[in-house]
Amino acid sequence: MDLASLSLGQYTFVQNAFSFGLAVMAAATLFLWFSRSHVAPAYRMAVTISGLVTAIAAYHYLQIMLSWEAAFSVVGSSIEVTGSPFNQAYRYVDWLLTVPLLLIELILVMRLARDETISKSVWLGGAAALMIILGYPGEVAEASGTRFTFWVLSMIPFIYIVYQLVVGLKGSISNQPENVRGLINGAATLVVISWLFYPIVFLFPLIGFTGGAAITAVEVGYTIADIVAKAVFGILILAIAIRKSEAE
Amino acid sequence: MDLASLSLGQYTFVQNAFSFGLAVMAAATLFLWFSRSHVAPAYRMAVTISGLVTAIAAYHYLQIMLSWEAAFSVVGSSIEVTGSPFNQAYRYVDWLLTVPLLLIELILVMRLARDETISKSVWLGGAAALMIILGYPGEVAEASGTRFTFWVLSMIPFIYIVYQLVVGLKGSISNQPENVRGLINGAATLVVISWLFYPIVFLFPLIGFTGGAAITAVEVGYTIADIVAKAVFGILILAIAIRKSEAE
Amino acid sequence: MDLASLSLGQYTFVQNAFSFGLAVMAAATLFLWFSRSHVAPAYRMAVTISGLVTAIAAYHYLQIMLSWEAAFSVVGSSIEVTGSPFNQAYRYVDWLLTVPLLLIELILVMRLARDETISKSVWLGGAAALMIILGYPGEVAEASGTRFTFWVLSMIPFIYIVYQLVVGLKGSISNQPENVRGLINGAATLVVISWLFYPIVFLFPLIGFTGGAAITAVEVGYTIADIVAKAVFGILILAIAIRKSEAE
Amino acid sequence: MDLASLSLGQYTFVQNAFSFGLAVMAAATLFLWFSRSHVAPAYRMAVTISGLVTAIAAYHYLQIMLSWEAAFSVVGSSIEVTGSPFNQAYRYVDWLLTVPLLLIELILVMRLARDETISKSVWLGGAAALMIILGYPGEVAEASGTRFTFWVLSMIPFIYIVYQLVVGLKGSISNQPENVRGLINGAATLVVISWLFYPIVFLFPLIGFTGGAAITAVEVGYTIADIVAKAVFGILILAIAIRKSEAE
Amino acid sequence: MDLASLSLGQYTFVQNAFSFGLAVMAAATLFLWFSRSHVAPAYRMAVTISGLVTAIAAYHYLQIMLSWEAAFSVVGSSIEVTGSPFNQAYRYVDWLLTVPLLLIELILVMRLARDETISKSVWLGGAAALMIILGYPGEVAEASGTRFTFWVLSMIPFIYIVYQLVVGLKGSISNQPENVRGLINGAATLVVISWLFYPIVFLFPLIGFTGGAAITAVEVGYTIADIVAKAVFGILILAIAIRKSEAE
Ligand SMILES: CC1=C(/C=C/C(C)=C/C=C/C(C)=C/C=O)C(C)(C)CCC1
Ligand SMILES: CC1=C(/C=C/C(C)=C/C=C/C(C)=C/C=O)C(C)(C)CCC1
Ligand SMILES: CC1=C(/C=C/C(C)=C/C=C/C(C)=C/C=O)C(C)(C)CCC1
Ligand SMILES: CC1=C(/C=C/C(C)=C/C=C/C(C)=C/C=O)C(C)(C)CCC1
Ligand SMILES: CC1=C(/C=C/C(C)=C/C=C/C(C)=C/C=O)C(C)(C)CCC1
Ligand code: NA
Ligand code: NA
Ligand code: NA
Ligand code: NA
Ligand code: NA
Ligand code: NA
Ligand code: NA
Ligand code: NA
Ligand code: NA
Ligand code: NA
């Protein structure tokens, strides 16, 4: 990642995207936690966890934003790198915490038997950790070949997870009250589409984007994906919980 | 925007306006959220969202204030620019988040059928995003011509939104309990007047204000508009919610 | 205001007074908001607003303290001014927000008819804004004559407000349950005495205090007045609310 | 107080003591306020105040810690003074706020008649303020003679307060439910012992401790005394309140 | 501890581990405290304390992270030490506070008679303090011999504590409702394994790790141990409390 290739405009755009991400995550957290009282006790834990995911993300967007601002200094109408590195690991550390939490939420939604719930959590959680740990060396690599190799490796657990989710969620739809089937279908679709976005964003530097444009596209792309996969998804989970509470 | 043309007095006045805006937004947030318990559960969501709007604004006024203070340094009885840019985008990012939230609140108040609620939210939300995105290049442009062009473009979605709101809110008045009709009328008027203020403030640099005076007028103008459209509006929504709760 | 005339002792004394003010305001805020649950719902709004007043003041004392510390740097056993100005406007911005809130509280206590409540709020709120806006140019003026002129101007709305409060509060005493009449009388007296303190403090630089002593006397004087008019007054309002709740 | 005589080890030890104090006070605050719901409404105010005392102390330990860190800079394996003074007044300002709050709590526990409660509060509160104000000039004095003189003066109100507390608390024991007599006796003993610790710590520089050792002993001594008199005492008050709630 | 021997990669890895620790502790705190409402009042205190332990740890990980970042500065692709020391004492101060709290939780779980509860708390708490105080001089020692000597000394109270816990917890299993016996057994195992991890991590610099690798292994090792012993353990305690609440 050649930070020195960024223009002032690109720098500012990414900075604004991070600040936007932070504001969205913090606002979603507050909204979700305030809405706990509108939800029957049985569904409250799911809403709490959704808010926890956005809270953790808000913390990491703050750190990402501070790291970004420390890496550059604006001089007149151009920017210079300060030597302080932009720490991309905050993103991966965030995922290491939030992806398992999201998977647990989805598995709980499937209403499986107790043993299956536990074994699924362990297998999917492990696969998610593997996916993220395999992705990181590619993200920070300078060489395109390395980036691609780790993408391929990371795709293996990724495909496994997505497959399990699609099968599991579709299969559980029939156990659900009728008034939420549409929403759960929507949530499943949202998960698949938003998750697919991550490996595509990762490929941007290999499919035409170079220099500052590549950095901008990657950072803004991940930020959009995070907003959909965490905040929008959390609101959907809340909507499902409210509907189910009314049904009772 | 020629920051170097500001006097110390203008700098301090704008700084105080930002601090005032921050204090008002934070105080309104706390007041709205504390008042949730005075409101029947059915109206609580609206009050929560009003407080979310002011909370998001409080965050952005903090960022705006910090960006403003970093852009200048006081030397004796005059000021110098530090080279660090004043980031106006925080304002537009704030609007991108809060204007859709305000529109959703207003649409909910209209009590439309479910399908209409969703389609209206999508159309008005989209128009609002367009309005703000078209306004930004004008705001940061140096040339008056560019500023004016984007003003004209941004006015198109703006007029559409205001027209929809006026028609929709007036039409919904008859569905409302009698004791709140006056307040809802007041809220509708407040929305229209405060929203109209934004494009007027935007024009200040084109209608006589120059240099430091233009910057001061724009920043203070937007701050006043924000206080009315967010904090005062939120209190009105709370008053409506309290009345409706009593009526039940 | 000649900051350079302050001694290290005076600087530290004022700094400690600001920190004390901040701690008192924050503690009062927490205490008032925690005590909401001891109060019947009808009186909760008054306690919430009392806490809001001290919360706003806590924010402004933080800003005042930071501005004070940035204006000086300690070198050995003496101090130097850094060139960064001490921003007295934070105090006036604070009053612009908190004085109307306090007046609203007092008017609500008077239990007037609805129309009178609204018209009194508008008139007294307007007079308070005028009083503070007229006082500010005097506060920051170098010349004694200017300071005195604006004092006289600001005294006009001040006398009007105090007169209205005394008459209104006394008149409302007979509508009150017997067990709180003493407390309400006490609150009315406290308001008048603490409010009278402000214009007297303002005059300190004109009645003998000079240089560092004048600055110290003014800043510490306002801090004491604020503690009485906001925190002590808030506790009295809470005591009245608790008594009234018990009476029901 | 000769800051330059501190060794790196002493500096770090005091810094760790302050950080420990801050963590204890903040944790005690949270614990006490969370425990409010375990206590009958009649005893909740006492628990709220206990938490307020530790909250105020947490704020002051933060300020003390920041002031301490600003006063020194570490260079290799030794330290240098930066010229920024270590502000001991934060401690005295803290006591000025928290000692009266603690006395009010103790007086409430005595369950006196209303008039006596008020007169005792005024007298003991006044004596406490006198004690602290008389102690401060001694604390910051360079000369041993001055330190001792103010110690003697401050001991007069101190002895009066301790005497009143011992007599009052012992006398009130018989009004208390049996299951809490032991705890109240314990609380009274804890108060007397922890309060006695303060004037002894104050004497450290006069009874053998010199240079860095004196500063270390005083700062660590006060920190331990504060933890016992505020946090441990608060937990005891909570225990008494829980027992009394169960008894009802 | 030779900070200068760290590579940039090791520095960043440890920094990320601290940030991860902070995020986990803060998220666990929020989750535990939100879950209080899912638990019967009798078990709420245990959940509150679990959250207090992670809250205290979050504060200390913040301090550890800030101390770490202040100790190094990144220059291009390598790092330099700044001279500001990395303060390992924050970790030991954290343990001094949190280990007794964890022991109290475990003793409460054992449901002993009142006298035994108190005597066990005193003995185990004292042994824990001794263990930590004896470990610290070894942690900061340069010489391997000193490190080992204090390890041996610290192991004595450690073995006593672990023995008491194993015996006590096993013995109390039969007093527990059947549906939680498995979980309590799990919690006991988790405690023993996670606690055993600490003295092993402490030995890393003596069993092959040198320079930057030793520092990295120790810091990351303790962080992992803390996450298991505090956050994972807290979640287990919550699970036990929820089950017991359902059983009632
Ligand atoms: C497949 C793949 C990746 C997948 C990342 C994903 C799927 C992240 C999901 C994050 C979520 C859902 C966060 C929400 O909290 C990486 C690591 C980019 C590396 C390249 C290959
Ligand atoms: C028409 C127009 C504008 C309109 C802005 C508006 C209408 C903003 C409303 C903001 C609100 C209501 C915020 C409250 O949360 C711009 C962008 C200034 C650009 C110039 C033309
Ligand atoms: C008459 C007068 C003044 C009055 C100030 C007052 C009355 C302030 C009250 C503030 C309160 C009550 C704050 C509490 O929240 C000024 C502005 C000093 C200027 C000189 C003349
Ligand atoms: C007698 C005496 C003193 C007493 C101080 C005391 C008794 C402080 C108590 C503080 C408490 C209880 C704080 C808890 O919130 C001083 C001022 C050191 C000065 C020397 C003589
Ligand atoms: C035996 C031993 C140690 C033990 C440390 C332990 C057992 C720490 C436990 C911490 C916990 C449980 C924290 C959770 O809040 C030390 C001090 C490393 C020093 C070397 C010998
Ligand atoms: Na920078
Ligand atoms: Na990245
Ligand atoms: Na500046
Ligand atoms: Na702007
Ligand atoms: Na300074
Ligand atoms: Na002033
Ligand atoms: Na320092
Ligand atoms: Na001291
Ligand atoms: Na650094
Ligand atoms: Na360590």
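The model is predicted. Ligand 1 has 19 residues around it, and ligand 4 likewise has 19.

**Ligand 1 and chain A**

- Among the residues that surround ligand 1, the closest are Thr98(A), Leu102(A), Ser154(A), Tyr198(A) and Lys230(A).
- The distance from a polar side-chain atom of Thr98(A) to an oxygen atom of ligand 1 is 3.1 Å.
- On its own, ligand 1 exposes 540 Å², and 100% of that is buried by the protein.
- At least two shell residues come from each of the following helices of chain A: H3 (89–110), H4 (114–140), H5 (144–172), H6 (178–203) and H7 (211–247).
- H3(A) provides the largest share of the shell around ligand 1, namely five residues.
- Sorted by class, the shell around ligand 1 holds 14 nonpolar, three polar and two charged residues.

**Ligand 4 and chain D**

- The residues that come nearest to ligand 4 are Thr98(D), Leu102(D), Ser154(D), Tyr198(D) and Lys230(D).
- In the side chain of Thr98(D), an N or O atom lies 3.1 Å from an oxygen atom of ligand 4.
- Ligand 4 has 540 Å² of accessible area on its own, of which the protein covers 100%.
- In chain D, helices H3 (89–110), H4 (114–140), H5 (144–172), H6 (178–203) and H7 (211–247) each contribute at least two residues to the shell around ligand 4.
- With five residues, H3(D) gives the most to the shell around ligand 4.
- The shell around ligand 4 consists of 14 nonpolar, three polar and two charged residues.

- Phe72(B) has a relative accessibility of 4%, so Phe72(B) counts as buried; the cut-off for buried is under 20%.

**Chain pairs without contact**

- Chain B does not touch chain E, and the nearest C-alpha atoms of this pair are 18 Å apart.
- Chain C and chain E do not touch either; for this pair, the nearest C-alpha atoms are 18 Å apart.

Note on methods:
Residues are numbered from 1 along each chain as its sequence is written. Chains are lettered from A and ligands numbered from 1 in the order in which they are written. This is a predicted model: local features need pLDDT of at least 70, side-chain atom pairs count only at pLDDT 80 or more; totals for chains, interfaces and linings use all residues. Side-chain values use heavy atoms; hydrogens and water are left out. A residue is near a molecule or strand if one of its heavy atoms lies within 4 Å of it. A polar contact is a pair of N or O atoms within 3.5 Å; within protein, one must be able to donate a hydrogen and the other to accept it, and residues adjacent in sequence count only if both atoms are side-chain atoms. Accessible areas come from the Shrake-Rupley method with a 1.4 Å probe; for residues, only the protein chains shown count as cover. Helices (H or I, at least four residues) and strands (E, at least two) are DSSP runs, numbered from the N terminus. Ala, Val, Leu, Ile, Met, Phe, Trp, Tyr, Cys and Pro count as nonpolar, Asp, Glu, Lys and Arg as charged, and the others, Gly among them, as polar. Contact means heavy atoms within 4.5 Å. Buried means under 20% relative accessible area, exposed over 50%, partly exposed in between (1.4 Å probe, protein chains only).
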